[in-house]
Amino acid sequence: MQPLLENFARQHGLLPAWVVLSLFIAVRYIVPAGIAYLIFYVWKRRDWWRNKIQQKLPKGSDLRREIVHSLMTSGIFALMAFGIFALRKMGYGALYFDIDERGWFYFFFSTALAIFLHDTYFYWTHRLMHHPRLFPIFHKVHHLSHNPTPFAAFSFHPLEAVVEFGIIPILAIFMPLHSIALLIVTVWSMIFNVLGHTGYEFSPSGFTSHWFFKWINTPTHHNMHHQKANHNFSLYFNFWDRIMGTNNPEYDNYFEQIKNRT
Ligand SMILES: [Zn+2]
Ligand SMILES: [Zn+2]
């Protein structure tokens, strides 16, 4: 990706290269979010309605706001990706491209570790952004969606977009990661994020109290955060909310209420 963009920037200038990368990132968001929206809110809406966490549809104005902010986020992410390319040119960065350099065990281990580190980074930056002084500046835009759709996945204020992307330079600079491992982390993040904002719950009854699965977050978990913002700050896993006592005490009950709908 980087050599292609560098060539393009050399021929056409930095601004067109930024536009191209922004569009690429925007398409990578619009396609999965759009597919999820068409499936959950158009095609299967009636059949799956009992799995809809909040039994009401989002407003058209919510959708438009989520899409506009997500497109702005794509532009910010592209700008920050340029920053990473520039740092790599200057010799900073631990990305590698040959699996044999560190072997397959390290490949899988580092991918899992990067996902765990992202989860930790997200929890703590998210809690910080809920500080009363920081919330209106960074995080209020995301919370304008009280009944989120898949399009809310990237719906951030530009400053929050900078914070959300912040894990990527940290990983790319400090942790030796294969380029495919970094791709897996970003694709996993996108899929989980879109599913977490679908507004539908398909995990089976008992999921949130199961000895293993209770450690994995459900769409209900994040949907509750959009309804009441004082609990449920974690992203992929339920470690930090459980350790820090910030899980919504009603989480299990609310989840089972959705599952027991007739
Ligand atoms: Zn959200
Ligand atoms: Zn929040």
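Modeller: A crossing is right-handed if the near helix is turned clockwise from the far one by less than a right angle, and left-handed if anticlockwise. By this rule, α2 and α9 cross in a right-handed way. This is a predicted model, where local features need pLDDT of at least 70, side-chain atom pairs count only at pLDDT 80 or more, and totals for chains, interfaces and linings use all residues. Residues are numbered from 1 along each chain as its sequence is written, while chains are lettered from A and ligands numbered from 1 in the order in which they are written.

Now the pair itself. Helix α2 covers residues 14–43, and α9 covers 179–196. (Helices are DSSP runs of H or I, at least four residues; strands are runs of E, at least two; both are numbered from the N terminus.) The axes of α2 and α9 lie 10 Å apart, at an angle of about 35°. (Axes are lines fitted to C-alpha atoms over the stretch in contact; angles run from 0 to 180 degrees between N-to-C directions.)

Which residues of α2 meet α9? R28, P32, A33 and A36 do, and their partners in α9 are M190, I191 and V194. (Ala, Val, Leu, Ile, Met, Phe, Trp, Tyr, Cys and Pro count as nonpolar; Asp, Glu, Lys and Arg as charged; the others, Gly among them, as polar.)

Next comes a second pair. Helix α3 runs over residues 60–89, and helix α7 over residues 158–165. Their axes are 9 Å apart and meet at an angle of about 50°. The crossing of α3 past α7 is right-handed. On the α3 side, the contact uses M72, T73, I76, F77 and M80. On the α7 side, it uses P158, A161, V162 and F165. Eight of these residues are nonpolar, one is polar and none is charged.

L87 is partly exposed, as 14 other C-beta atoms lie within 10 Å. (Buried needs 20 or more such neighbours, exposed 12 or fewer; partly exposed lies in between.) Leaving out residues up to four places away in sequence, L87 touches Y92, G93 and I173. P169 is 82 residues from L87 in sequence, yet their C-alpha atoms are 9.3 Å apart.

Back to α9, which has another neighbour. Helix α10 (residues 219–227) is mostly covered, with eight of its nine residues buried. These are P219, T220, H221, H222, N223, M224, H225 and H226. They pack against α9, and also against α6 (140–143) and α12 (251–259).

N232 is buried, with 22 other C-beta atoms within 10 Å. Its phi is positive, near 60°, although N232 is not a glycine. Most residues other than glycine have a negative phi.

Last, the wider setting. The protein has 12 helices and two strands. In sequence order the pattern is α-α-α-β-α-α-α-α-α-β-α-α-α-α. Its C-alpha atoms fill a box of roughly 60 × 40 × 40 Å along the principal axes. Of its 262 residues, 33% count as buried. Among contacts with a separation of 6 or more, 72% join residues 24 or more positions apart.

Methods
Contact = placed C-beta atoms within 7 Å.
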